Amino acid sequence: MTEISDTLDATGLLCPLPVLKARKRLKSLSVGAVLQMWADDPAALIDVPHFCFEAGHKLLSQSDDGPHQVYLIRKGG
């Protein structure tokens, strides 16, 4: 099981805010740390994987948990 370093609740936020909040939160974490993020913006399904790829982070998982999506992002170096 992946150890989660921090959790970000981005539910209720619309594009681009979930990605901007994730970027800010990841800045404060160490390389290799895992951020769990919740979002309910339909655009996040596209935006979060794209952000991870562009920023050098690894999207460990992306799943639906009822009313929101759950993302696990490992901070890259």
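Is arginine 25 buried, exposed or partly exposed, and what is its relative accessible area? Arginine 25 is partly exposed, at 27%, where buried means under 20% relative accessible area, exposed over 50% and partly exposed in between (1.4 Å probe, protein chains only). All views show a predicted model, in which local features need pLDDT of at least 70 and side-chain atom pairs count only at pLDDT 80 or more, while totals for chains, interfaces and linings use all residues. Residues are numbered from 1 along each chain as its sequence is written, and side-chain values use heavy atoms, with hydrogens and water left out.

**View 1. The salt bridge between aspartate 6 and arginine 25.** The structure holds one salt bridge, defined as a side-chain nitrogen of Lys or Arg within 4 Å of a carboxyl oxygen of Asp or Glu. Here the N to O distance is 3.3 Å. Aspartate 6 belongs to strand β1 and arginine 25 to helix α1, so the pair ties together parts that are 19 residues apart in sequence. Helices (H or I, at least four residues) and strands (E, at least two) are DSSP runs, numbered from the N terminus.

**View 2. The cis peptide bond from cysteine 15 to proline 16.** Omega is near 5 degrees at this bond. Most peptide bonds are trans. Look for proline 16 in the loop between β1 (6-10) and α1 (17-27).

**View 3. Cysteine 15 and cysteine 52, with sulfurs 14 Å apart.** A disulfide is a pair of cysteine sulfur atoms within 2.5 Å, and the count here is zero. For cysteine 15, the closest cysteine sulfur is that of cysteine 52, too far for a bond. Cysteine 15 is partly exposed, with a relative accessible area of 44%, whereas cysteine 52 is buried, at 1%.

**View 4. An open sheet of four strands in the order β1-β2-β4-β3.** Pairing is mixed, and two strands pair if DSSP finds at least two bridges between them. The edge strands, β1 and β3 (58-65), each pair on one side only. Strand β2 (residues 34-39) runs parallel to β1, joined by five bridges; aspartate 9 stands opposite tryptophan 38 in β2.

**View 5. Helices α1 and α2 lying across the strands.** Helix α1 lies across β1, β2 and β4 (68-74), at about 160 degrees to β1. Helix α2 (residues 44-55) lies across β2, β3 and β4, at about 0 degrees to β4. Contact means heavy atoms within 4.5 Å; axes are lines fitted to C-alpha atoms, for helices over the stretch in contact, and angles run from 0 to 180 degrees between N-to-C directions.
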